[in-house]
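Good morning. I have one structure to go through today, and I will keep it short. Please have the picture open while I talk.

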Amino acid sequence: MARACSNCDNKCGQNRILPEIKRKLDVAFYRFVTSDSESLLKKYLTKEVYDAIKKKKTKYGSTLLDCIQSGLENLDSNCGIYAPDPDAYTVFADIFDPIIEDYHGGFDRCAQHPPTNWGDIEQFSNLDPTGDFIISTRVRCGRSLNGYPFNPCLKENEYKRIETLLSNCLKELTDDLKGTYYPLENMSPADQQKLINDHFLFKEGDRFLQSANACQFWPKGRGIFHNKNKTFLCWINEEDHLRIISMQERGNLKEVYQRLVKAVKELGKKLSFIRNDRFGYLTFCPTNLGTTIRASVHIKLPKLSADKVKFEETAAKYNLQIRGTSGEHSETTDGIFDISNKRRLGLTEYEAVKHMNDGIMKMIELEKALPSAT
């Protein structure tokens, strides 16, 4: 059922934008286009595009402001736009399409995401058998439930309904996936901080998500599930309805990927996820469409990273993203880098993971070949 986000007016069934939202949009837009932002939103939100979509609204009641307010407020955004509901990708296609094409490496308006293909898991192995470079390996994906919008449009009771549905399904998992669900609402501060410090649990306070109204009713309807060994985790209602995560220490990518594939297939038997032919699996952020796969390692590369140009050139060659270990928008403070595949759309799940696999193998090869500092 359609519902209204905070920035729209569905009274009397009329599809119109509130006058104050129109004024706020106009003021913010003209300020934004003269800013020093280097986001993809700034690059593609021209006056022509803005005028074509500024009065539109999705069936859930989302406006252009709901989509771009995070980028308007955070000028250091990389992308600067979110989809408050699944229909936003179509209604506001004039701005989403060029940003998606740019970020995902040429996925143009005629492109279609391929069918799900996990590939041959046996092709992967341990990326760092000696344990000299890789601290940990992680592969995750996001999923959104059919019948619900994304976080900005969810009501409090819908957060709770999603939490109940997902947590009940997770509790039915068996074998190495078997675990326990911990609601964030009732979690002690000590347990919460320990899980955050261990890089297991998400936390409130991300200004990019807050500006996009993605943190409403916190911490209600949110929580974490993990197995006994904490090698399989699921986040409920963080950025997306569901984040499915497989991770472990050191560099055995095969084991990590195999566990993720098993979990996704088991959950897919019980849950219906939003997927369309063009963009694959739909989620809140346009950088996380298609496979939604993010395969990453925490890795030490002191010699290669000292040559910033060569480091970044290698990452670009294999479509990899380099960032700090504290999450998106962070820089390294301890010499350890989080390196992952950048492309998630227009390729298969196997290909997305293979990008990371091949790129990390090359980086380790370069690290070994570089002379030690004298």
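This is a predicted model: local features need pLDDT of at least 70, side-chain atom pairs count only at pLDDT 80 or more; totals for chains, interfaces and linings use all residues.

Let us start with the layout. The protein is divided into two parts, domain 1, residues 17-104, and domain 2, residues 121-369. If you take the C-alpha centres of domain 1 and domain 2, they lie 26 Å apart.

There is also a record to compare with. An unreviewed UniProt entry lists residues 22-105 as "domain: Phosphagen kinase N-terminal". In the model, that span, 22-105, is 57% helix and 0% strand.

Now the surface between the domains. How many residues of domain 1 are in contact with domain 2? The count is 22 residues, and they touch 28 residues of domain 2. The area buried between domain 1 and domain 2 is about 2,300 Å², and carbon and sulfur atoms give 58% of that area.

On the side of domain 1 that touches domain 2, helices α4 (64-73) and α6 (93-103) each supply at least two residues. Of the elements there, α6 gives the most, with four residues. By class, this side of domain 1 has eleven nonpolar, seven polar and four charged residues.

Salt bridges come next. Two of them are counted between domain 1 and domain 2. Elsewhere in the list, the side chains of D97 and R278 meet in a salt bridge, at 3.2 Å from N to O. The total count comes to 21 salt bridges.

Another example is K160 with E163, where the closest N and O atoms are 3.2 Å apart. Where do K160 and E163 sit relative to each other in helix α7? They are three residues apart in α7, residues 156-170, so about one helical turn separates them.

Last, two details of the backbone. Most peptide bonds are trans, and most residues other than glycine have a negative phi. With that in mind, look at W218 and P219, which are joined by a cis peptide bond with omega at about 0°. P219 lies in the loop between α9 (207-211) and β3 (223-227). Then go to K230, a residue other than glycine, with a positive phi near 55°. K230 is found in the loop between β3 and β4 (232-236).

That is the end of my list.

How values were computed. Residues are numbered from 1 along each chain as its sequence is written. Side-chain values use heavy atoms; hydrogens and water are left out. UniProt positions are given in the numbering used here, feature names are shortened, and annotations may be inferred rather than shown by experiment. Domain bounds come from an automatic or database domain assignment. Contact means heavy atoms within 4.5 Å. Buried area is the accessible area (1.4 Å probe) that two parts lose on being put together, summed over both. A salt bridge is a side-chain nitrogen of Lys or Arg within 4 Å of a carboxyl oxygen of Asp or Glu. Ala, Val, Leu, Ile, Met, Phe, Trp, Tyr, Cys and Pro count as nonpolar, Asp, Glu, Lys and Arg as charged, and the others, Gly among them, as polar.
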